[in-house]
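Open the model in your viewer and keep the sequence panel beside it. This tour goes stop by stop, saying what to select and what is there.

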Amino acid sequence: MEELVGNWGLTGDTVSIVTHTVLVIVAFLLAALAGWICRKAVVPVLLKLTAKTEAKWDDALFNEKVLVTACSIIPAIIIWQLLPWTFCDLPTVREVLTRLTAIYITVMSARTVTVFIDSFKLIDDPRTAKKQYLYSICSVLKIIIIFIAVIIIISIVVDKDPSTLFAGLGAASAILMLAFQDTIKGLVAGIRLTNNDMIHIGDWITLESAGVNGRVEEITLTTVKVRNFDNTIVTVSPQTLVDGSFQNWLGMEQNVGRKQSRRVFFDFRSIQLDDDGVANITKFRHHMEQWLSDNPKVVAEKNPLVRQAEASQGGCCLEFTFWLYAQAWADFEHDTADIMEYIFAASAEYGLTIYQASFVK
């Protein structure tokens, strides 16, 4: 290159400047060309190969974002390999640029690995307990990858062997344990949640003390994100769920029907015997059991029950227990209201009076 530049009629220091300039331009062009080939040729081929396989996990793990992020490392590797030739007679510049390039390669490599780890969330079947456990492990792996990348970057800056820095971290382990105590507690709590199959993404949970009543959207090491039915977002720690008591409605949703139990008190003075010697409240109880069994909103297979509960100062108590097909909150409440309103109205036909306390002004 120096001979070529010399043939252009240049002399002195100008030859060196022009030579290095041309070499830098060539190096950047080669790096850009390598990156362009990876993005425009290699990535589409790999995506087509994964799309042709029957397995779905490779489509998620080797998605376009992962491959494009990996392609960003290739130009830096080209530059790193060409630096000794480009600045062969400028050792200081070569050393500085080599370290900067190495730092860039380290950062992009760590980013590629973290993006690859995040791609596990794209795999189907989010309700699997093993997958929830895998999410916790992936979160730990991301922290480890970032930690290792930081150590390598520091070793590049200070020009030390990374193993030396790792060996020196043994004395600082107590400080690291203190700094990451929330993460460690979250990991342990997350493992308990997943191993005991207590919670999954998509579950409907309620935790009154934290104002939680909605669907689980995300589970991480430190937070469980829940979207309430009013579209507010509530985040609680896994430790809170493990230490406290929360209600998971998964069993109800997987089962047919949602249970409802209501009590109605009747005035004792309205209970009478008819000509057949049968109490009117007995006939009303049998009528309601049959009516509930015939109601299309009620799961008849679960045998609706109207039983005599313990009486109190409020009067004679009948407890109505039945299962409704509707599980959504609004539909469930509306169907319950329709049934209870019929109970209130039908009781009058049997001469029963619903107890109602009177107040003296």
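**Stop one: a histidine in a loop**

Select His200 and Asp203: their side chains are joined by a polar contact of 2.9 Å. Bear in mind that this is a predicted model. His200 sits in the loop that runs between helix H10 (181-195) and strand S1 (204-207). Is His200 buried or exposed? His200 is buried, with a relative accessible area of 4%.

**Stop two: back into helix H10**

Now select Ile184, which is found in helix H10. Ile184 is partly exposed, at a relative accessible area of 34%. Ile184 and Thr222 are 38 residues apart in sequence, yet their C-alpha atoms are 8.8 Å apart in space.

**Stop three: a loop between two helices**

Go to Asp159, in the loop between helix H7 (129-158) and helix H8 (162-168). Asp159 counts as exposed because its relative accessibility is 53%, and the cut-off for exposed is over 50%. Which side chain does the side chain of Asp159 meet in a polar contact? Show Arg99: the two side chains make that contact at 3.3 Å. Along the chain, Asp159 and Arg99 are 60 residues apart, and their C-alpha atoms are separated by 9.0 Å.

**Stop four: the whole chain**

Zoom out and colour by secondary structure. The protein chain has 14 helices and eight strands. Of its 361 residues, 33% are buried. Count the contacts with a separation of 6 or more: residues 24 or more positions apart account for 61% of them.

**Stop five: the largest nonpolar core**

Hide the surface and select Phe284, Phe320 and Ile343. The largest nonpolar core has 20 residues, and these three touch the most other members. Next, show the elements around them. Strand S6 (258-266), helix H13 (280-294), strand S8 (316-324) and helix H14 (329-349) each supply at least two residues of this core.

Centre on Phe320. What is Phe320 in contact with, leaving aside neighbours within four places in sequence? The contacts are Gln260, Ser261, Arg262, Val264, Phe284, Met288, Leu305, Val306 and Ile343. Another core lies apart from the largest one; it has 16 residues, including Leu193, Ile199, Val234 and Phe246. Nonpolar side chains tend to be buried together in soluble globular proteins.

**Stop six: helix H5**

Select residues 73-86, which form helix H5. At 1.5 Å a residue, the 14 residues of H5 should span 20 Å. Draw a distance between the end C-alpha atoms: they are 20 Å apart, so the helix agrees with expectation. Then pick out the buried residues of H5: Ile73, Pro75, Ala76, Ile79, Leu82, Leu83 and Thr86. In an α-helix there are 3.6 residues a turn, so residues three or four places apart point the same way.

Select Cys38 and Cys71. A search of the whole structure finds zero disulfides. Cys38 counts as buried, at 14% relative accessibility. Cys71 is buried too, with a relative accessible area of 7%.

Conventions:
Residues are numbered from 1 along each chain as its sequence is written. This is a predicted model: local features need pLDDT of at least 70, side-chain atom pairs count only at pLDDT 80 or more; totals for chains, interfaces and linings use all residues. Side-chain values use heavy atoms; hydrogens and water are left out. Helices (H or I, at least four residues) and strands (E, at least two) are DSSP runs, numbered from the N terminus. Buried means under 20% relative accessible area, exposed over 50%, partly exposed in between (1.4 Å probe, protein chains only). Contact means heavy atoms within 4.5 Å. A nonpolar core is a set of buried Ala, Val, Leu, Ile, Met, Phe, Trp, Tyr and Cys residues joined through side-chain atoms within 4.5 Å. The expected span of a helix is 1.5 Å times one less than its number of residues. A disulfide is a pair of cysteine sulfur atoms within 2.5 Å. A polar contact is a pair of N or O atoms within 3.5 Å; within protein, one must be able to donate a hydrogen and the other to accept it, and residues adjacent in sequence count only if both atoms are side-chain atoms.
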